[in-house]
Amino acid sequence: MNKTKAKVAKAKTKKILNVLITYCILIVVAFIFFFPCLWLILASFSKSGSIYSFDGFFPTEYGFDAFKSLFTDTVMYNYPKWFLNTLFIAVMSCILGTIFTILTAYCMSRFRFKSRKAMMKTTLILGMFPSFMGTIAVYLMMTQFNLINQHWGLILIYSAQAPMGYMVQKGFFDTIPYSIDEAARIDGASNFTVFVKFILPMSKPILVYTALTAFTWPWSDFILPKMLLVDKDLYTVAVGLMSLGETEFARFAAGSIFIAIPIIILYFCLVKYMINGMAAGAVKE
Amino acid sequence: MRKTVSALISHIAVIFAVIIVIGTLGLIAAGVSDSGNEKFTGEIERNVTLRILENDTAKEQGYLKELLDAFNAEYAEYGITAVDANMDQYTDLETGGPYGYGPDVLYQANDALMKYVDGKHILPMPIEKLECHKYVSDKAWSAYRSTVQGQTYTFGIPVNIQQPLLYYRADLLPDDWQTNWDDDKNGIPDMIENWSDMYRYSQEIRRQSGGSKYGYMKSLNDGYFASGYFFSYGGYVFGGDDGKDTKDVGFSNGDGYKGAKIIRQLASVMNLECTEDTITRNSYSRMAQGTYFATMTTPDVYTMFVKEMVNEGYTEEYALNNIKMVDVPQLPVSGNLEDESQGFKAMTVMGGINGYAISSYTKAPNAALAFIDFATSYKMINRRCELLGISPARSDIADELGGLNETINNNLDSGTIYVMPSVRALAQVWTPLQTFCAKLADDSLTGKNAFVSDEALKKGISNVDKQIYDSIHTLGGS
Amino acid sequence: MKTAQKIKSFFKDIPSKIKSIPKRLSVRFAGAKEIITQGNGKVAASMLVMGLGQLLYAQWAKGFMFFIIQIAFIVYFVLTGATDLFGFFTLGSRESNAWYGVDGDNSVVMLIMGILSILIIILYVAIYIANVKDAYRTQCAADTLKQPTKFKKELGSLLDKSFHKTALALPVVGVCVFSILPIVFMILIAFTNYGGDIVPPALVDWVGFENFGKILSLGQFAPTFFKIFGWNMLWAVLATAINYFAGLGLALLLNKKCVKGKVFWRAFPILAYAIPGFITLLGFKFMFSYGGPINYYIQQGGGEAVGFLGLDAKWTARFIGLAVNAWISIPSTMLLATGILSNINTDLYEAARVDGASAWRQFIKITLPYVLFATTPVLISQFIGNFNNFGIFYFLRGGLYVDGYFLASDTDLLINWLYNMSIDNNYYSIGAAISLVIFVITSIISLTVYVLSPSYKQEETFR
């Protein structure tokens, strides 16, 4: 009797210790990830624009000047316009890119056609090319298609290049048991129906992951829009921020924070689909 | 079977025939040469829109709008409208121009503009037709001259001469400067007249403040500013008659190593921040806080110093009176800041000449020329100086304004401004040079003392020349 | 030992694979032979003009579709296709002169449009073959007195049996044009003299293997190449391992039952994920600089300023690079691992718990194999991404040449080195040649890993 009690107590302390350690690690991790962001947030509230009127990480004086100028002083740096531009590009590329990537990954995972392995190897190998000159080709192609200085040109490129990263999603589909497809097909469902009605609902976590990456990439990309957008009014936020003067640090920081906000919002909207995607219990063999 | 084979073969044959016939026709068409025609007919195009690329300061201070409005009013009868191109001020004409996405008129630095000559992206201009022609000195014009296939052309109109200047806080001068820091009694403090006294004064500030305050501060690794020390003792970037022979890299030429010695000495009155670009960025606020006494930078950022002073709580008037901008101090002939025995000589600095050029892809070259003539007229340049505080390349205006503007114009004529060479390979100069300068400063501040002897300095600077040569020519081959 | 054998057998198989090529080819072309020998007049008509045979069989919709495609291709060839294809070989013959408004050839654009025309020709051949096959199928159906398949039904099969064709059509075209074409372009550039003074409007020409000869003749290259390559490999392995296992660990940690408020805790890494990489890098560079906040506190505490990223900071700078890279990449690995973990069949764990397996054993036996299986491709693509990670050291420690390195610093990766040497001077062709050499090395390594990896060999394991 006593022995079991001691055992229970021991297990209990062990459990408490476990929880304690877990939380300690979590706090450290949260701090590591949050601190640089916090610094950026503080910097954006700095009264003087310069990063050098700081005591270490903390501005000497606080104020809203940076945010005010970010949204009102639009003669040189039209941040609100850039923000809308980026939003448009990112949303469109996110939708198209996600559709393309998921379709590609699903086909590569579920269908066995002749050129499949060849295609998989080719994309893998070509992805390895140190293609720092590939943008030249893309630029010249866009001049021929008359898509320079247009947002649709960027959307086209982002969504067309997205399926190159289908591997992650394929890996996910590979883990969904084949028995689901088979059962559905016996019921007379076509491949399209299987995909839409059975596979997709089970793939919410990976859909969310794909959508997030497909959104984040155009949202924070710098190289392509810098190359393809000529007119300052068409700039994206990333290009615009890089063109800010070197003493405008507070404004730069404020702009950077606003870049992060849509992604955070997106995360909070999508997070519930991310965890326990299989909770619906579709798989019981 | 015969049917299928012949059908297949004839299909292939027809497609091949189509491709070969059309392709060959294309080749023949390409062979027909088209001589084209001269663009500057003198007849101004009507009802056209000119996209003007100006620099950001001109836009910020409202000068660009004034210029465009004035021009549009003047040329209303032709139906010409000049508009802001609304592009990045460093837009590369080479990338967008040929495909129709460039501006019609560009305002950039001479090295940027002259880079376009190789691909014939900017037009040679009939400069003698312009009002400003006789007022701009030949030295300034020469920055825009280039020889193409045996003929010499001019590709840009100089507007503004850029050279590094010394900025200092007049209110931070010692109270007794008139008695103790003005040996020649010319009413100018010695520390802003020569580097030896600047060096001594910096030492004194550091001693008095216990190391918390500084005299002269500058990111010494910045090649654009540091190169001046080498030029002053006989160094150059590229050799050849036109300074464009990239096979001859010459920072070590003459007594170039003395420049390295000066940099090393200057570092000793600073801190390790001078080995990176920190000081370039923090000098505005540090000067305003009074932590730094002086720094060196280009004239276009004057307003930023004033802005920071106001941020620190000074009145704008006080700031304007106490932030002073002067020509760079003189260097000791000896190449040693502690040895004034051989006297002083003017410092040569790297500078540039900003100006206008016309894109070869413009549909209205004559209207663009008219615009440039208007923008470089007495009235507009005068206004530009007033609003933007630039040093005009037009000597008539410079003489009228006097002071620093006149000095800068004279510096250009006397050769103490080393005009940035207009060669693409200039991009390869910076990394080796700035690494070496950072190393010099680090050597002096951390007490490694690897560059104490003249021999070590000479070796170091020759190595820079070699690295620059290598980075330009290794991959270029032959 | 086991992997060594695997690799050995992989390479052993190569000769026999090559030997079997003729046999495999004859199998592949058996169908074509059959069509040519057995095809009737209507099939021949389809061979002559696409869609004609189908029209003769009264399959109007399909016939017209093929016919329109046929016409579209001919129009394309007449308008630009043929000249583009010729341009690929000539790379232009007439120099333009913008001073006098003389329009000329732009070699680089011609090269790109040439590649595009070749892609279109390949597409044309594929459609042509499909057209002939289709006609032959109709013939067979008609011969056996069956009704040929109705067009409507064939359309229906696009959503069922050939769903993959429908679904892949657009992505494949997109990837071909915007991902593959630029890479092919870069590979081809290595065989031209594009770069230096020879940029449009000057005419570019094919030069064969000249650029590779130049690389071989450069003596000072080799020592730096091996030094950088060694560090590059080390970097790629370390960075990938750190990001992968830390990301996975974080996901597992957040998946623990005892953690309350998962959404909240997970938001912190997401915050890091949400800030664009270049901003993060600029921020960290400043943080570690002499004038930055870290040195401020060190000096306030009475210490000497530390050059974290300075001239002699070789290993400190490398370590900071790894840490910053981890800060940037861990959140996305965590997101991915969370998604994948959520799909693990929980029955397995229950079974394990019933068997009394410890948490550690559950991790080793169930979680790790499962996650490894699902993410090997990710691991490879992350390895490649890190191998070619240009941004980290370009932003953190750019503009520095270190003694003992030829035009590079001791933190530079191969891609940074390549950039130093080729972009500023526009030495495109030789830069492309070097990247081709690097590419061959890396691709052999990763392809071997991939082919030997469980997720390639046993795609069916978790079914």
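Analyst: Let's start with the term salt bridge: a side-chain nitrogen of Lys or Arg lying within 4 Å of a carboxyl oxygen of Asp or Glu. Bear in mind that this is a predicted model, so to speak of local features a pLDDT of at least 70 is needed, and side-chain atom pairs count only at pLDDT 80 or more, while totals for chains, interfaces and linings use all residues. Residues are numbered from 1 along each chain as its sequence is written, chains are lettered from A and ligands numbered from 1 in the order in which they are written, and side-chain values use heavy atoms, with hydrogens and water left out.

Now for the interface of chain A and chain B. Lys232(A) forms a salt bridge with Asp56(B), and the closest N and O atoms of that pair are 3.4 Å apart. Helix H5 (residues 134-144) of chain A gives the most to the side of chain A that touches chain B, namely four residues (helices, H or I of at least four residues, and strands, E of at least two, are DSSP runs numbered from the N terminus). That side of chain A divides into seven nonpolar, nine polar and five charged residues (Ala, Val, Leu, Ile, Met, Phe, Trp, Tyr, Cys and Pro count as nonpolar, Asp, Glu, Lys and Arg as charged, and the others, Gly among them, as polar). The rule finds two salt bridges across this interface. In contact terms (heavy atoms within 4.5 Å), 21 residues of chain A meet 21 residues of chain B. Together chain A and chain B bury about 2000 Å², 53% of it on carbon and sulfur atoms (the accessible area, 1.4 Å probe, that two parts lose on being put together, summed over both).

Over to chain A and chain C. Here the contact takes 106 residues from chain A and 105 residues from chain C. These two chains bury about 9600 Å² between them, with 78% of it on carbon and sulfur atoms. The salt bridge count for chain A and chain C is zero. On the chain A side, helix H1 (residues 2-44) gives the most to what touches chain C, with 16 residues. The residues on that side of chain A split into 74 nonpolar, 20 polar and twelve charged.

Among the residues lining the largest cavity are Pro36(A), Trp39(A), Ile275(C), Phe284(C) and Trp327(C). H1 of chain A and helix H12 (277-288) of chain C each supply at least two residues of that lining. By class, the lining has eight nonpolar, two polar and no charged residues.

Back to charge pairing. The search of the whole structure gives 24 salt bridges over all chains. One of chain B's own pairs is Asp84(B) with Lys59(B), the closest N and O atoms being 3.2 Å apart. This pair links distant parts of the chain, as Asp84(B) is in strand S2 (residues 81-84) and Lys59(B) in helix H2 (residues 56-60), 25 residues apart.

Two backbone details are left. The peptide bond from Pro200(C) to Pro201(C) is cis, with omega near 10 degrees, and Pro201(C) is in the loop between helix H8 (163-189) and helix H9 (210-217) of chain C. Lys120(B) has phi near 55 degrees, a positive value in a residue other than glycine.

How values were computed:
1 Å grid on protein atoms, 1.4 Å probe; cavity = no way out; pocket = protein on both sides within 12 Å on 5 of 7 lines; lining within 4 Å.
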